[in-house]
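I opened the model to look at the ligand site and kept notes as I went.

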Amino acid sequence: MFHKILIANRGEIAVRIIRACKELGIASVAVYSEADREAMHTRLADEAVCIGPPPGAQSYLSIPAIMAAAEITDAEAIHPGYGFLAENAEFAEIVIASGYTWIGPSSESMRTMGDKVAAKDKMKEAGVPLVPGSDGAVYEVEDAKKIAREAGFPVIIKASAGGGGRGMKVVHAEPALAGAFNMCQSEAGAAFGDDTVFIEKFLEEPRHIEVQVLGDTHGNIVHLFERECSMQRNNQKVLEEAPSPFVDEKTREKLCEAGVAAARAVDYVGAGTIEFLMNPDKSFYFIEMNTRIQVEHPVSEWITGVDLIEWQIRVAYGEELAFTQKDIKKKGHAIECRINAEHPFKFTPSPGTIELYHAPGGRSVRMDAAIYSGYSVPPFYDSMIGKVITHARDRQKCIRRMQRAIDELAIIGVTTNQELHRRLLANPAFQSGEFNIHFLERWLKEMNA
Ligand code: ADP
């Protein structure tokens, strides 16, 4: 096994990876910005190296600073976590070219899946269902019109190089198409240095459901079932659960099979997620693959018993998966609530000093966080400071357990979104499982009205 791993990240995911390293007997190296001198990941790792000033661009996104830290600490492998450089194929290539192991998929898999047109091409070949629309890139307005008429309005124009919810435009009727098409092209060129766009039918009331996959270097790929991630605001997930309350066994089988086929098409190694949109009639379509670990991975860990970070490390070392698909059984229900340092309804960030932190505990409650009493949440990074995860034998029991965990959680000194979770968990639509990707925003609007 590796003797030492550098974690090129911060916050709860860095802590999660350091914990996995400790359990595997691997030494861990944290990198930290000047704003994270007192951060949990800096304190928990066996070694810690300062890599620059607070802004991400000068620290957690600085490839030279991270590579220098790997060199002076004699690390063997680099785990990128999520966000920052996790989906940067060039970083993966530099890591490998410098003689370290990249804990993630090959840079080719990352490049293909990072380019939406290339990814859809691959998925088509593999027989994974795609949202109806253009066959590849669209360059001319006249072609765009023809494709949109065939698919039927509304349509969505997307930048091939887009990501994080940026570079997309919804068009409801033909008169608006030409303007939106030209604007999407020029904005994509300016924002991503690539003005390639394509067109999809805009699905009006879908759910966001994703499949967790895990592959090794011996050609084995398994899935860990699906996650329901429709509770979103501004394309940011707020609460996730597994399994999806909407997916029946027959759909689950087809969906998870499509996830594995997608991963197989790019010879995927490591942990990855295939995102789908699912219509009310349960038809589903591939939208993208995230070639990294995801924030919401604990809900899949809990229903399957598979430690995803441990297996990311093991397969990066070359180990073969110790289980096959039929060994992976799903058990019960898991929910994750993301705890953000922000106003629960206005969503304004609330950095500052946490005067008191008390984590919930008890049966089947997991807290993945990077905070402690006296810790100052810096203003430079994402507002997510932790995640509460609960498990129970069924969804209803799991919701109750989460309600009591959220009640037990005490964070004093900074404002958090705890009250949002409290109300959401009590909401009849959430409790019945009848919601889609628009639910949260519509509900928030109603509450403000
Ligand atoms: P990004 O890479 O920017 O996250 P995605 O392709 O994953 O882009 O899409 C982000 C979100 O945009 C989806 O979760 C969904 O809410 C919405 N979206 C994308 N494609 C469609 C579509 N064809 N119809 C309806 N909504 C869509």
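The entries below cover the ligand, its shell and the domains.

Entry 1. I noted first that this is a predicted model. I then looked up the domain assignment of the protein chain, which gives domain 1 (4–103), domain 2 (132–201) and domain 3 (207–448).

Entry 2. Which residues come nearest to the ligand? I found 20 residues around the ligand, and Lys116, Lys158, Gly165, Lys201 and Leu203 come nearest among them.

Entry 3. An N or O atom in the side chain of Lys116 is 2.6 Å from an oxygen atom of the ligand. For Glu288, an N or O atom of the side chain is 2.9 Å from a ligand oxygen atom. Glu200 places a polar side-chain atom 3.0 Å from a nitrogen atom of the ligand.

Entry 4. I checked cover next: on its own the ligand has 550 Å² of accessible area, and the protein covers 92% of that.

Entry 5. I listed the elements that give two or more residues to the shell: strand 6 (155–163), strand 7 (166–171), strand 8 (197–201), strand 12 (270–278) and strand 13 (284–290). Strand 6 supplies the largest share, 3 residues.

Entry 6. I sorted the shell by class and got 8 nonpolar, 5 polar and 7 charged residues.

Entry 7. Which domains give at least three residues each to the shell? I found that domain 2 and domain 3 each do so. The centres of domain 2 and domain 3, taken over C-alpha atoms, are 30 Å apart.

Terms used:
Residues numbered from 1 in each chain as written. Predicted model: local features only at pLDDT ≥ 70, side-chain atom pairs only at ≥ 80, totals over all residues. Heavy atoms only, no water. Near = heavy atom within 4 Å. Polar contact = N/O pair within 3.5 Å; in protein donor to acceptor, adjacent residues only side chain to side chain. Areas by Shrake-Rupley, 256 points an atom, 1.4 Å probe, with all protein chains shown as cover. Helix = DSSP H or I, 4+ residues; strand = E, 2+ residues; numbered from the N terminus. Nonpolar A, V, L, I, M, F, W, Y, C, P; charged D, E, K, R; others polar. Domains from an automatic or database assignment.
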